Every structure is written in C-alpha cells, then in structure tokens.
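Please keep the sequence and the coordinates at hand while reading.

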There are 2 protein chains.
Amino acid sequence: MDAIDLSHHLSPTAAARTPSPLKSLMKYMSVDGMISLAGGLPHPSLFPFVNIEAEVYSPGIYLPSNTSESDSELLRFRVHKNGRADGQVVDLASGLQYGAFLRFLHKFVRTVYQPAYKNYDVLMNDGSTDGWSKVVNLLCEPGDYILLEKYTFPSTQAMWVPMGCKGVPLEMDIDGIRADVLETTLREWDITHPGAKRPHVLYVIPTGQNPTGCTMPITRKQEIYDICIKYDIIIVEDDPYYILQFDTYKLPTTGNGHAEPLPSFDETAFLDSFVKTFLRIDVQGRVIRLDTFSKTMAPGNRLGWFTCNPLFAERIIRATEVTTQTPSGWSQSIISELLHTWGPGLSGYLRWLLGLQSQYEIRRDWMCDAIAKEFDAKQEGDKVIVYGKGTKVKLLSFVPPRAGMFLWCKVHLSENKEYNNLKGVSEEPETAFEQKLWQEIVNAKVLISPGRFYAAWEGEEKPRNTAERDIVHFRLAFSMTTKDNVDLAVHRLAGVLHRAWELS
Amino acid sequence: MDAIDLSHHLSPTAAARTPSPLKSLMKYMSVDGMISLAGGLPHPSLFPFVNIEAEVYSPGIYLPSNTSESDSELLRFRVHKNGRADGQVVDLASGLQYGAFLRFLHKFVRTVYQPAYKNYDVLMNDGSTDGWSKVVNLLCEPGDYILLEKYTFPSTQAMWVPMGCKGVPLEMDIDGIRADVLETTLREWDITHPGAKRPHVLYVIPTGQNPTGCTMPITRKQEIYDICIKYDIIIVEDDPYYILQFDTYKLPTTGNGHAEPLPSFDETAFLDSFVKTFLRIDVQGRVIRLDTFSKTMAPGNRLGWFTCNPLFAERIIRATEVTTQTPSGWSQSIISELLHTWGPGLSGYLRWLLGLQSQYEIRRDWMCDAIAKEFDAKQEGDKVIVYGKGTKVKLLSFVPPRAGMFLWCKVHLSENKEYNNLKGVSEEPETAFEQKLWQEIVNAKVLISPGRFYAAWEGEEKPRNTAERDIVHFRLAFSMTTKDNVDLAVHRLAGVLHRAWELS
C-alpha cells in the first residue's frame, strides 16, 4: 500500500520550489568517459585531511549484563581520504559512505518502526530542530493554527510564533493528548474559531514527552490517528526520547536498591519492548517522523532523519538544497563508521541502546528514590503522591516516567498559607506563587525549570498561563546529574518546600 | 565608529523572533555550587567517543617554494573527550573549543578584512548556502525585488524564487556590476516599476564571480557602496572564492611553461595581495559578508561564517536557535584543531592558502594554455580572443579569471552558418543554437554548463533569456580537473567547434 496524495497540505513556498538547473546536468556526469567541467567543486586532492581515527566505547559497555572483558574494550576505526584500510568503499573525499549510512537508517526504520505503507522515504537532516523547521516551512503558512500538547517544548514553538502562527493546546492525561479533546476541538472548530482556517498539523512528542514525561501507548495513537484521517490532519511525530524507554518505576521498599537483576541482551525481546510508533499504523502516509542521534551519540553531531511519504520527502530535499545542503560530512562519516564498527546490521547499535536505557533508567531511579527519602511518598496507581515528611500535607505528585529525561512535578498549593493569602490579592496567584517558590529554590542552589515555560503559545491576546487551579508544575531533568548531585539537589528542594509549607 | 541603526531592514518574521524562555535560566547555571536539573541535555559520559585523531597535510605542502622536508611531513592532532593531551582546554564533551574557534575567525576578519566600523560581529553558520538562506529570511519579504549581477549562481536564486521574490539583474563589465547601472536602476525605480517596493538588498559575489569569474576592485566597490548609502541598500557580499586569488594570466609564448618562479611565503606581502572587501569601506555596517571553509577545507565541513552589524547578528542567532542550532561539533573541533596544529595565529592558515592559490592558478593556466594550443588565441587588453585554428574566424573570447574556479566563455555566433539560418526561423536563435551546440559537446563527452542557467530570475513573465545578440556563454570549471583531462576536454571541445563552424 502506498501513501495517498497529500499535496494539498504543502505551503505555497514549499509547493513552488524547483530544482536548480545545475542538477539537470547530474545524469551526464556518470556517462562513461565524460570529462566534466560543469561542477564548481574544489578538487578533493586539495582537502588537507589524510585520515581520521577514532577511539570509541564498545556497544556493550553499559549493558546491565556486561561482565565480559570484550564489552569493556575500546574499539578503533579509521576513515581514510581514499578508501578504508580494509578495502571497503568508505571515502572522505567523495562521501560514498552516505549511501551506506542511509541504508542503515532504512534498515532501522524498517525493523524497529515497521511503517504501515510501502513507499515511505528516509532522509537525513541536521538534527530535530532543523527537521522541525523544515516541516514548518513545508506545511505551515503565516496565521495557521497548530495542534499540540497542552505543555510542549518551547523551542519548537519559537520556530512558528514569529510567523504569526498560533498553538491549539490539547488537554493531556497520563497517556498524552486526549483523543476526545482532539475530536471535540476539530468538530467544533468553526464555532469556536469563526472564520479561522482549521488546523491541519498536529505536533506531538509521543515518548517521554518534554516536559511531562508521558508516553503515548499504541491504543491512544490509533484513536488519534483515526481522528486525523477524519479531519485530514498531518501528524508530526517528534520522538527524540523514543530510544530511551525503561521499565516502570516502583517505590523502593527496602533501601535504595532495586532487587531484580536486569535482563541480558536479547534482540527480539528488546525490539518488542519498544512502544509502537505512529508510523506503525500510518496506512496513508500522513505521519512525518523525526528521529535524532542527539540523545544516543551527542547533540553536537547535528544529525537526525525524517521518515515520511515520498512527496513530502522530495519537497524537503528541494528545501534542503537551498539551506543546509547536507549534514556535516564528519558527523556522517564518524557515526556511519561507528555503527559499522559496532557490529553487523543493527545489532551493535541496539546493544548500545539497551545499555544507554539502563543508564537513564538508573538516573530516573536516583531522582525518584531521593524524593521518596526526603519526603513521605506513596504509590497510588500510576502516580506517586508526595507528602511533607512525617505529615499528611500533600506537596507534590508525579507519574514516574517510563522514557526520556524528565520528571514533571505537580506542586499542590492548596495547603500553603502564603499561597492562600495570595489568592485574595493576586489575579494569577498560581503564577505569582510559582515565581516566588522558584526563586527560593534557586536561592538554595537548585535550578529547575518552571512549568509555565512549557505552556502552549496561543497568541499575544492569551497570556501564557494555563495553570490549573491551585497547581503549578516544575520540570526536573535527571539526565545531566550524578547520584550525589541528585541526592543533594532533592535534599535542598525538600528543605525549601518544608519551610514554605511551614512543616519544619 | 559603530554601525548605524538599520533595523528597518528586518523582515517581519526576523523582527518578531524572541529567545526561548529556557535561555533565561542560563545565567543561573554558572552560579557557584548550583545544581542544575533544568537543562534537557544527555549526559556527556554517555557519548560513545573517547577521542579522535587526525592526520593532515602540513600547511606548506603546496607552497610554490616548498623544498624542505618539514613542509611535506604529515601532522597529527588528537581531540580527547576530556581535554587535550597537552593540557590545553579542548574538550569534545563541552565544546569549549568553540570559543577558541570564534577567536580565530575574529582575528582573521580583523587582520585580513579590517572592517571600517568597530562593533561588527562574527558568527558561524553551516556554510554559505545556509548563510544566504538566513540572510534572505532576515531581510526579505515575499514579493521583494533583489538586486543582483546579471549572471549569478542559480542555487542562491532558488532560495527566494519560491517566496515570490524577483531579481533585478544589473549589467556587468570586467569589474563586475556597473555602478552607473545600479544608480540608474534605483533612481528610475518608481518609473520603471510603478507601485513596487524599491529593492533594499544587493546580492553580489565580488571575487572570482560565479559564473563570470570577474573580480571587483576596491574602486568599483566604493562607487557601489556610495550608491547603497544613498538609496539605503544592504549589501550581501557572498565571497567563497576570495581566498582563491591569483596572478594575471599571460598567454604562453614558448611552450606551456610559465617562466617566472613563484614567490616564497611573505605574510605581509601575501595579505597585501588580496583585493579589499566591502567590509573595508563599510563605515555604516550595511554589509553582510559570507565566508566559508568549503573551498579551503572541503565542502563537507558545512562550516562558514557571517560578519555583520550586531543587530543583524543577534537576529541571526535567534533564527539559528530554531533551525540549525550550531554547525557540527566534529566540523568545529576538527577545523579548529587543524588551524591550531598548523601554527600560531593566522600564520599556518595563510601558508595553506598561498599554496592552495598556486594549485588553482596552475589549473586555470592548464585550461587557458590548452585553449591557446587547440585554437589561435590572441591577447587584447584584458581579454583573450580565440579564433579557429589557422583562420580569422572569431569563435570565443574570455577574460582569464584572477580568482575562483571558472572560465566564462563568450561564444561568438555571427560567423556560424547554421546559426545564421536559425535567425530567420527561430524566435530565440541564440538559445536554440546554444542548446544544440551544448548537446554536440556532451556527445563528444565534455560536460560544461550553459550560460542561460546563470541568468537572473525576473519572474514568470520574463523568460530566463538574457542572451546578448549573436552571443551565448559557457561556464568551464577548472577546479576539478587534472592536466590530462583538461587537455583532452579542450581538444574535444575544439573538435566540436571547428566542425560546427565548418573549419575542419
């Protein structure tokens, strides 16, 4: 089954792009015996690089089952200007490795995501920020409304806000965007937004969402997808944390340790452990998926990829030709060779990912455990409810994330005296209290990001304040910390909260 | 002297950009003892790279005076994840090297270009294609007219054509755009384009122009600049071939060799040999200059830089945050370390550039010499006139370029019988004949690019045909060839032309 025709979604600029006339000469370059004086490229013999050699970790180094010597060994690879030492065609000068790299990405998409239609395409970008900016230019016109999660990543909004676009925030539960809210929003659009063009793009971060940490199961995705067919919506699945999925967190009952030993590496079981993506159910080709190597290899690579229908892919290529052209050849060569060195097919990379997951899972556990230690914490269904130490005063609640880097903390204000005093005098008591509490936390030398930063932008006329009644949020990132720092930070945080609620 | 206020040139989108709220947290991160749970970065200990090591040419390898052993030696450098072996702070993980790299670029701009105002800024981009796309988004609105050379690089036009912008082609002579034509165009704008907004952006490739190969001397730049002050125009100086300037070509009198020995390296003399740029006379900050490492280090680095006034620089940074973010960390680390390895300050890089110039100069000479050999060529002032071998039939003429990679060949059609027959029957005999001649050249296995590809785009209603009467053009690139290939290509070309003019 092939993608359906979705060309009516293109922005006028994206629809109007044409290939450079110079590209029409390309086909002649491969004619046998042709001497080309047509291209304007510098001569590769004049590049100053002879070869680069890299020393890298083994893919098994972080595997929970890693006990063998070889998993801890460093590996080396070398990229030569004129072909690789072992005779395979890898070549800094002509960039022939790009083809091999694309084949890897195709294999990854085919194996891990299993798209539901046949003629999808895969193409590289300079990381997901670049990818999203290209998608906005592909689909959006000034003034468009964009459907998105109620809390979302502010930098992706910063792309379209200056274009005069506006967000349509959608209420979320622990599985992400609520399907009934999406349906109602679209069904009642002409009543709630008379005269405004109905949104045709849904932006969603489905796994370990930033900032809420929630992960959308495939059942919810299917409900959302069906509504998107009904109302002809393109889904942009921005999924940088997809590869960082972990087990459910359980409150520690004895000490901080987690008793169960982690499993050893089983590729099939590992692949089955991943939540299914929108691509898996995308029978029409209306999903644009964004993947990145930023979380698995380092953000500085500026390397990611799109998976989408061939019409959108072709338009993105035209846009890429006049903007970024191609990701850095160094990033491509080095990542490509690293993947090759790690092992045949996907096997090495998957081993690396499992190890990486265990590392981020440990970090999540450090943070949850530290909260359980500094406060009184109780598991209630999916949630952890946090009370002042030795009290019944509810301070915080959160759903321990099963993916990503963020713990999204609801702060319950109703038992705070100062907040209750503010309610009489301030128009936005939640915001006023959040700012004050945040400053006290910073004064105690813990930097966290305030929930209001993540509120969807609905235009100048609507203030960025989607606070729930008597609730504010903080986003705690557990990615960049050591255990000692997490313990100390949560200890400081607990001090501030207990004092602010007059519990100490 | 500081830049004047040019904020009225910003496009509405560029003017509306705001920093991400997350950036407001940055200042707290450096507070002593602060533990940050705010950023969403992956932990650098989990990047798979330990170090990379590169083997590179010595900067002196291509120096014409290179006779010493050390100039031919390969050099090595290593970038460690956690600091460089020699103790200097270079660090893959935190990217501290970016600061050192920017300092190099600032020093290069200050020393080589000597901008005429004080508070200019320097910032990196992902190469000049990316740079130009950011400039278009900074300054241009849909429907704008853009001033440009009559023949220009088609890919830069492909950026703004789909936005509905149009080019205003300016007649050129051997020094580039004619100042009188620019003045007349602007003075008479309201008469020639009633109701249309007057252009406020001039795009120019001043050195070794693509495709015409001409280089604009500082006297012409000053005339252009003065007009741009008068009519409030922003000049975009896209100058990728600036570093590839060479001596004037002289027709060989005896054989193919050039008798004069090339000079040895003298840094001051070398810097003096460069033509002065628009920056040198830019007292107001109305020049945006684009530089790139594509021609000196390899296009795959995707690394270049802007020099412009601080207001434009700040707006470009805001746009960069939501698109490319930063060039590849690999490209930055590797180029930065290469420059450091080549020698203190600018000295190593300048030695490399002199060697590179000599290599491209040799390639230009191969091509000009081959033409002189296969045809009868005569120097007339700045031009070389090319006749059929042993005849007085004028076939070609060109100005041997003093920079860049391109020889822009005028083909004189008036003595071609077939062309003269076409004149009676075809509405565009030049185009019709060019296409036919081009195909014959391709059939002889030489690929060159047709001059009409480079015509400025003036909108759908004006066909892309700026052919002069009885003249067409071909662009011959001499960058990618070996001497044998140039000789063979020009031999084949000569065969086609002699046959087409019935001279053989």
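## Interface of the two chains

In the contact between the chains, 105 residues of chain A meet 105 residues of chain B, where contact means heavy atoms within 4.5 Å. About 8,800 Å² is buried between chain A and chain B, and carbon and sulfur atoms give 66% of this area; buried area is the accessible area (1.4 Å probe) that two parts lose on being put together, summed over both. A:Leu37, A:Leu46 and A:Leu447 supply 10% of the area that chain A buries against chain B, which is more than any other three residues.

Across this interface the rule finds zero salt bridges, a salt bridge being a side-chain nitrogen of Lys or Arg within 4 Å of a carboxyl oxygen of Asp or Glu. The rule does find 40 residue pairs in polar contact across the interface, both residues being at pLDDT 80 or more; a polar contact is a pair of N or O atoms within 3.5 Å, where within protein one must be able to donate a hydrogen and the other to accept it, and residues adjacent in sequence count only if both atoms are side-chain atoms. Strand E2 (residues 49-57) of chain A gives the largest share of the side of chain A that touches chain B, namely nine residues.

## Basis of the values

This is a predicted model, in which local features need pLDDT of at least 70 and side-chain atom pairs count only at pLDDT 80 or more, while totals for chains, interfaces and linings use all residues. Residues are numbered from 1 along each chain as its sequence is written, chains are lettered from A in the order in which they are written, and side-chain values use heavy atoms, with hydrogens and water left out.

## Helix H9

Helices (H or I, at least four residues) and strands (E, at least two) are DSSP runs, numbered from the N terminus. The buried residues of H9(B) are B:Arg220, B:Lys221, B:Ile224, B:Tyr225, B:Ile227 and B:Cys228, where buried means under 20% relative accessible area, exposed over 50%, and partly exposed in between (1.4 Å probe, protein chains only). These residues cover an arc of only 160° around the axis, which puts them on the same side of H9(B); the arc is that of the directions from the helix axis to the C-beta atoms. The face turned away from the buried side carries the exposed residues B:Thr219 and B:Lys230.

In chain A, A:Arg220 lies in helix H9 (residues 218-230) and is buried, with a relative accessible area of 11%. Its side chain joins that of A:Asp173 in a polar contact of 2.9 Å, and a polar atom of the A:Arg220 side chain lies 2.8 Å from the backbone oxygen of A:Ile177.

## Charged pairs

Over all chains, the count comes to 60 salt bridges by this rule. In helix H12 (residues 310-321) of chain B, B:Glu314 and B:Arg318 lie four residues apart, about one turn of the helix, and their side chains meet in a salt bridge (2.6 Å, N to O). B:Arg318 also meets B:Glu321 in a salt bridge (2.8 Å, N to O), and both of these residues are buried, whereas B:Glu314 is partly exposed at 30%.

A further salt bridge joins the side chains of B:Lys436 and B:Glu418 (2.8 Å, N to O). B:Lys436 lies in helix H16 (residues 429-443) of chain B and B:Glu418 in helix H15 (residues 417-425) of chain B, so the pair ties together parts that are 18 residues apart in sequence.
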